[in-house]
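Visitor: Can you walk me through this one? I'm new to reading structures.
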Amino acid sequence: MANRLAQTTSPYLLQHADNPVDWWPWSPEAFEEARRRNVPVLLSVGYASCHWCHVMAHESFEDDTVAAYLNEHFVPVKVDREERPDVDAVYMEAVQAATGQGGWPMTVFLTADAEPFYFGTYFPPEPRHGSPSFLQVLEGVGAAWTDRREEVAEVAARIVRDLAGRSLAHGGEGVPAEPETAQALLGLTREYDEKYGGFGGAPKFPPSMAVEFLLRHHARTGAEGALQMAADTCGAMARGGIYDQLGGGFARYSVDREWVVPHFEKMLYDNALLCRVYAHLWRATGSDLARRVALETADFMVRELRTAEGGFASALDADSEDAGGRHVEGAFYVWTPAQLREVLGEEDAAFAAALFGVTEEGTFEEGASVLRLPESGDGADAARVEGVRARLLAAREERARPGRDDKVVAAWNGLAIAALAETGAYFGRPDLIERATEAADLLVRVHLGDVARLSRTSRDGRTGTNAGVLEDYGDVAEGFLALAAVTGEGVWLEFAGFLLDIVLEQFTGEGGQLYDTAHDAEQLIRRPQDPTDSATPAGWTAAAGALLSYAAHTGSEAHRTAAEGALGVVKALAPRAPRFIGWGLAVAEALLDGPREVAVAGPVGGELHRTALLGRAPGAVVAAGEGPDAGAEFPLLVDRPQVGGEPTAYVCRHFVCDAPTTDAAELERRLGG
């Protein structure tokens, strides 16, 4: 019999709808039930493509004995962290403070007032490695609740007090300047892996936002070391197992420091951020590898993540069925020498094994290898390489596919819109710009709808019940601003302004600090507020970047002031933790450069417009259009006539403008070309 999760839209919650556990979604009614029955709440947080979430579900939540005990002694509540990042953030902060580590699945026990008192992540079905079994944990917590209630209440109250004391001011006085970006570069250099690229050791995550900072810093200062770290890291990832050598697109992270074996789930946000970074690397260097990876990653997003409504799905699972019908990690992606021979024949299989690093021992499990390009492949016969790739990809299409989490998350679609719009413009792919526009249309039509506030998720064209958080407003505004620059359609600038006005009204505190939830959002035990960039730009830094760009487009002092107030946190964090404020540093580079305002009085898609989009000046904003109504679409085009009837570009920054130019080469020079 299905439980209450059958009524939800989240693919993750629907995976648990047939559990014998009597799950509730996060709701006031669940906590009222806990109060009525005088039992604690078990909060279980995960997401659809989380491997260990599936494992714990199979071992414990599908077990009738565990479920019976859980249902009798607790009110079990299931949360999709991607739908409710605010709930996830608040309790993850508590888990990390209490245990020194966090992760998913997250398991937290709460009072009926939603105050946490006991924490963990994955619990096994049997005691192992010093960890109690899940049933033992349930019994222990149940006994404490029954026999030592006062102690439980004291612990819960203390944790809530500690969390409340963590509220952030805006993080520093003033905006980040030259010393902070120089210290950040030095910090990244110290943590840089000279041998394999990237930062830190295993597991190694794709540092898309830090790379964006390095590219912008190089464009502004000429620092060669910054460009070298960016190019070498992108090269190593593109040749590693973290990149899908057949189908394009990146996995979530590498389990080793050499980028050989990935954790195979593919997330929309990683691919959107990396697609844009590789496009920007090509813009800076002309690298053929960067161009290929940007386009293949864009094509992967369109081919495998696009939904029927025109949005982009959240993720592909790490797990899928192997040939023996077992559900295992990586089964869709890995190859043995025998499998290569079966598809390619002896000679081409030997060629492919050498090309992709497939060995008899294997680089993964059970003699299978993750495909890589250990050598750049420059010396190989390009036609033969393409032929082998195409045949292997066609054979792989016959395998059981990984599951897809097809909910549309507003923030991540904003990132995808920016990436697809720019990649399409750079490489003459109008189809990618169309896909970006269709996703933007979906966000306006479905996620904004009639309520004039952003919904975080939708599925099958139906909005979820959860309100957008700060990252949704910041990333969607960023996507709309990129789309406006590429298409010359001022309506996207208008929509970005609408979203950013809500940021000013609903998410901004005194002194410039930002909150992850709106003033009128559901009140949790603490109002979440995290300025650090981890897998995606923090809402804080995403909003700062979009506010800065919008101010450059419109001259709005309020938006510029808000951006500068928000960037105080970058001044504070950049010297200490540059890897975790990468997008904030990229925005700081735009601020230090102006950012430059480029108005092209000329045709959209013409030579001057394309030159403006390819300019390397950090965070430069571009408005293009011609005719008497162009100024109504873009404030930057007001009173900007064509000179001598020729398409004309105007470049301004810090309230100072260069002489207008009709020469593309001159415009390229002015924009750091």
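This is a predicted model: local features need pLDDT of at least 70, side-chain atom pairs count only at pLDDT 80 or more; totals for chains, interfaces and linings use all residues.
Guide: A term to begin with: helices, of at least four residues, and strands, of at least two, are DSSP runs, numbered from the N terminus.

Visitor: Okay. What is the phi of Asp460, then?
Guide: Asp460 has a positive phi of about 55°, although Asp460 is not a glycine.

Visitor: And is Asp460 buried or exposed?
Guide: Asp460 counts as exposed, because its relative accessibility is 56% and exposed means over 50%.

Visitor: What about Phe655, what is its phi?
Guide: Phe655 is a residue other than glycine with a positive phi, near 65°. Phe655 sits in the loop between β17 (648–653) and β18 (656–657). With a relative accessible area of 83%, Phe655 is exposed.

Visitor: Now Glu82. Where is that?
Guide: Glu82 is in the loop between β3 (75–80) and α5 (85–99).

Visitor: Buried or exposed, for Glu82?
Guide: Buried means under 20% relative accessible area. Glu82 has 2% relative accessibility, so Glu82 counts as buried.

Visitor: Which residues is Glu82 in contact with, leaving aside its neighbours within four places in sequence?
Guide: Among them are Tyr47, Met267, Ser314, Asp405, Lys407 and Arg456. Glu82 and Lys407 are 325 residues apart in sequence, yet their C-alpha atoms are 9.4 Å apart in space.

Visitor: On to helices. How many residues has α10, and how far does it reach?
Guide: Helix α10 covers residues 224–239, which is 16 residues. From first C-alpha to last, α10 reaches 22 Å, close to the 22 Å expected at 1.5 Å a residue.

Visitor: Which residues of α10 are buried?
Guide: The buried residues of α10 include Ala226, Leu227, Met229, Thr233, Cys234 and Met237.

Visitor: What do the buried residues of α10 pack against?
Guide: They pack against α8 (178–191), α9 (208–221), α11 (268–285) and α12 (288–305).

Visitor: How about α16, what should it span?
Guide: Helix α16 has 19 residues, 430–448, and at 1.5 Å a residue α16 should span 27 Å. The C-alpha atoms at the ends of α16 are 26 Å apart, which agrees.

Visitor: What comes just after α16?
Guide: Gly449 does, and Gly449 takes a positive phi of about 55°.

Visitor: Last pair: how do α17 and α18 cross?
Guide: The axes of α17 (residues 470–487) and α18 (residues 491–507) come within 8 Å and cross at roughly 155°. Angles over 145 degrees count as roughly antiparallel, so α17 is roughly antiparallel to α18. The crossing of α17 and α18 is left-handed.

Visitor: Which residues meet there?
Guide: From α17, they include Leu470, Tyr473, Val476, Phe480 and Thr487. From α18, they include Trp492, Phe495, Leu499, Ile502 and Phe507.

Visitor: How many nonpolar, polar and charged residues are in the contact of α17 with α18?
Guide: That contact has 17 nonpolar residues, one polar residue and no charged residues.

Key. Residues are numbered from 1 along each chain as its sequence is written. Side-chain values use heavy atoms; hydrogens and water are left out. The expected span of a helix is 1.5 Å times one less than its number of residues. Axes are lines fitted to C-alpha atoms, for helices over the stretch in contact, and angles run from 0 to 180 degrees between N-to-C directions. Angles under 35 degrees count as roughly parallel, over 145 as roughly antiparallel, 65 to 115 as roughly perpendicular and the rest as oblique. A crossing is left-handed if the near helix is turned anticlockwise from the far one by less than a right angle, and right-handed if clockwise. Contact means heavy atoms within 4.5 Å. Ala, Val, Leu, Ile, Met, Phe, Trp, Tyr, Cys and Pro count as nonpolar, Asp, Glu, Lys and Arg as charged, and the others, Gly among them, as polar. Buried means under 20% relative accessible area, exposed over 50%, partly exposed in between (1.4 Å probe, protein chains only).
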